[in-house]
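Colleague: I am new to this structure. Can we go through it step by step?

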Amino acid sequence: MVGFGKKLRESQIQEWKGYYFNYKLMKKKVKRYLEQMEVGAQNRHNVLRDFSVLLDTQIEKIVLFLLEQQGVLAHRLCDLAQEHHSLLQQPNNSNISELQEAYREVGRDLLRLLHFLEMNAIGLRKILKKFDKRLGYKFTDYYVKTRANHPYSQLRQVFRHVGIGAVVGVLSHSFADLHDLQLCQGSYISIYDQPSYTHQDPILESIKLAVDRLSNSTSFLQFLGRRAFIVQNEQLPSSPENQIIMDDQFHFMSLLLNLANTFLYMVNTYIIVPTADNYSLNLGAAASVCGVVIGSMAVAQVFSSVYFSAWSNRSYLRPLIFSSIVLLIGNTLYALAYDLNSLPVLLIGRLFCGLGSARAVNRRYISDCVPSKLRMQASAGFVSASALGMACGPALAWLLQKDFRIFNLTMNQDTLPGWVMALAWLIYLLWLWICFKDPTNNKNEGILVSYQSNNAGPEIHVAVEDEQTQPLLMNTAESKQQENEDDEEENPDKETQKPITSIVAAYKLLTPSVKVQLYVYFMLKYAMEIVLAESSLVTEYYFIWSTSNVAIFLACLGLTVLPVNIVVGNYISNIFEERQVLLGSEIMVCIGLVLSFQAVIPYSVPQYVGSALITFVSAEVLEGVNLSLLSRVMSSRLSRGTFNGGLLSTEAGTLARVIADGTITIAGYFGQSQLLNTTLLPALFFCISSILATCYTYNSLY
């Protein structure tokens with residue numbers, strides 16, 4: 001695998017090469033520090049001080065060059081402004097076109113500057129991670145805390161570019177003015193008078209994408225898409241002239257079938273929640289056994305996630321067919337358990353449903369077979385399908401409040417969810433067989449040229465033609481010499497670039513930051529499962545709610561997902577840092593859990609509904625920023641192979657659901673009067689400990 005230092009050097013703009021972050025030098029320094037520390041020639045204090053000074057010097061070089069180039073662009077815009085003013089007095093279409101092209105040239109140079117800044121930011125992040133990994137320090141925490149939070153920090157200039165917005169603003173209103181002048185001969189509308197009125201030149205769209213990528217600003221679509229955990233590893237951006245997208249392998253109907261699988265599985269998961277307690281009672285068990293009934297699906301999913309993740313390395317169609325057949329059998333057994341009067345058959349049916357969880361395949365398909373320009377939309381579609389399924393499951397349970405018989409089979413609120421889902425999976429299986437196009441053969445021939453991926457997400461490898469990159473390369477002698485040096489440096493690390501093949505190897509790559517984010521994910525899934533799974537028991541005991549009331553309540557909770565993500569994606573995430581939103585959301589989950597406790601009698605509906613809403617909505621917000629931060633702090637090796645980051649997060653969430661459902665059943669044996677507080681205590685403990693852990697690793701979440 002080509003070393004990062006070599007890729008960084010090959011992607012540099014030739015005339016600016018002296019101003020880039022010297023990754024090669026810093027990497028050699030890290031190696032030298034390690035050697036000196038081993039023989040006792042250096043102590044920890046001197047190493048940290050020396051490396052801090054080196055980083056400060058590198059960052060200062062980048063920032064001063066950045067300010068200088070911004071000044072050059074500003075000077076050019078001042079000259080163009082004079083021509084612009086003259087044109088306003090005497091419009092001329094020929095001169096307008098020339099001026100528009102001059103503005104575009106400034107825009108292209110701004111794109112180059114943004115590309116320069118992004119490459120340096122990535123280089124800085126990577127060397128900080130390498131330093132911590134090789135020397136075993138938490139230097140990143142110290143450096144970010146002392147530099148990025150200082151009012152005069154130059155590190156802020158790298159990660160939060162200053163002055164770019166002013167240049168973009170001048171270009172925006174200048175293009176709008178010239179466009180309108182061309183059409184109306186002087187009677188134009190200012191974008192400042194009507195902000196919605198603007199002429200978006202293609203160069204402005206490219207600049208906007210580059211700025212968003214650098215500043216991590218988000219939209220609803222991006223924020224929602226991150227929750228799919230289909231992650232792009234932090235690789236060098238392709239230069240503005242060399243954006244290559246492979247989309248000839250894309251098959252829309254196959255993507256639609258993957259999203260339909262996601263939707264149906266979530267419906268299948270939550271359709272039984274309002275009636276599971278009643279079903280348990282009808283089979284002669286305690287109502288609290290509903291925790292085991294609901295959780296048995298998650299127990300099986302712990303294992304299915306692994307084999308589906310491995311299976312998707314070879315095919316997509318076969319695991320989806322297997323998933324549909326297993327779910328068809330599982331739902332049929334679930335429905336038949338009533339007439340057979342058998343709790344074991346009921347549990348076996350739910351276990352089969354869990355064994356059919358193909359979410360790993362759904363994620364993998366999006367990351368492997370959807371073009372990069374559509375991947376964010378597809379990821380958002382994956383999350384939307386999940387959210388819609390989560391809301392539709394209880395809503396369907398509400399509609400299935402019937403009681404009749406067909407061929408001596410009982411059709412009631414307990415069995416109809418199983419029969420309806422069995423029919424749905426049968427129809428889906430036929431649709432899948434007829435319409436799905438498996439790109440497995442293409443994969444074997446190299447479909448993943450542009451992105452190597454897994455169920456967690458793709459690692460982007462930009463394919464660039466030799467003749468396109470030649471102007472950015474150094475002379476032949478220098479290039480060969482540096483390539484040889486790079487080979488010596490990077491070859492020892494080739495082993496570390498191989499995909500993870502065991503859970504033990506994956507665990508060894510978990511840094512404290514990654515462990516904390518996985519724990520946060522565990523906590524939020526535990527809290528959500530407690531709220532959802534015990535809702536029928538709690539509301540029946542305290543408020544004598546019917547199955548219909550519980551179903552409507554759960555459906556309304558599920559429907560909050562998209563509106564909440566719209567607010568967070570469009571507004572909150574652009575005002576606050578993700579780590580701030582993370583910590584704030586954890587605190588809100590904690591508040592929601594505290595408010596849920598029965599401290600006074602009587603326990604009121606407003607208290608229960610309000611606290612459940614706070615907990616659930618806060619957990620939804622937390623999930624988005626948690627997965628986004630997790631993708632950022634996770635090792636690139638965990639983006640490939642069977643035991644990858646996506647699988648680890650899935651296992652953490654599934655394990656949380658299993659433990660939560662088991663807690664409900666165990667707590668039920670102490671009596672329904674103790675159920676609520678008993679189940680909330682572990683959730684509160686997990687939440688408080690996750691807040692403390694987040695504070696401990698806060699400065700590494702950047």
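Predicted model: local features only at pLDDT ≥ 70, side-chain atom pairs only at ≥ 80, totals over all residues.

Colleague: Among contacts between residues at least 6 apart in sequence, what share joins residues at least 24 apart?

Modeller: A contact here means heavy atoms within 4.5 Å. Take the pairs at least 6 apart in sequence. Of these contacts, the share that joins residues at least 24 apart is 83%.

Colleague: Which residues make the nonpolar surface patch of about 380 Å²?

Modeller: One member, L426, sits in helix α17, residues 416-435. L426 has 37% relative accessibility, so it counts as partly exposed. A patch takes residues with over 30% relative accessible area. The patch is made by L423, L426, I427 and L430.

Colleague: How many salt bridges does the count come to?

Modeller: The rule asks for a side-chain nitrogen of Lys or Arg within 4 Å of a carboxyl oxygen of Asp or Glu. By this rule the count is 9.

Colleague: Why are E105 and R108 separated by about one helical turn?

Modeller: The two form a salt bridge, with the closest N and O atoms 3.2 Å apart. E105 is partly exposed at 36% relative accessible area, and R108 is partly exposed at 32%. An α-helix has 3.6 residues a turn, so residues three or four places apart point the same way. E105 and R108 are about one turn apart because both lie in helix α4, residues 93-135, at a spacing of 3 residues.

Colleague: Are R657 and E529 buried or exposed?

Modeller: Their side chains meet in a salt bridge, 3.5 Å from N to O. The pair links distant parts of the chain, 128 residues apart: R657 is in helix α28 (residues 645-668) and E529 in helix α22 (residues 512-533). Buried means under 20% relative accessible area. Both R657 and E529 are buried.

Colleague: What is the N to O distance in the salt bridge of R579 and E577?

Modeller: R579 counts as buried, at 6% relative accessibility. E577 counts as partly exposed, at 25%. Their side chains meet at an N to O distance of 2.6 Å.

Colleague: How far does helix α13 reach from its first C-alpha to its last?

Modeller: Helix α13 covers residues 317-340, which is 24 residues. N341 follows α13 and has a positive phi, near 50°. At 1.5 Å a residue, the expected reach of α13 is 34 Å. The model comes close to that, at 34 Å.

Colleague: Which residues does S386 touch, not counting those up to four places away in sequence?

Modeller: S386 lies in helix α16, residues 372-399. At 8% relative accessibility, S386 is under the 20% cut-off, so it counts as buried. Beyond its sequence neighbours up to four places away, S386 touches T262, M266 and R359.

How values were computed. Residues numbered from 1 in each chain as written. Heavy atoms only, no water. Helix = DSSP H or I, 4+ residues; strand = E, 2+ residues; numbered from the N terminus. Buried < 20%, exposed > 50% of the residue type's maximum accessible area, 1.4 Å probe, protein only. Expected span 1.5 Å × (residues − 1). Patch = residues over 30% accessible without salt bridge, like charges linked within 9 Å, V, L, I, M, F, W, Y side chains within 5 Å. Areas by Shrake-Rupley, 256 points an atom, 1.4 Å probe, with all protein chains shown as cover.
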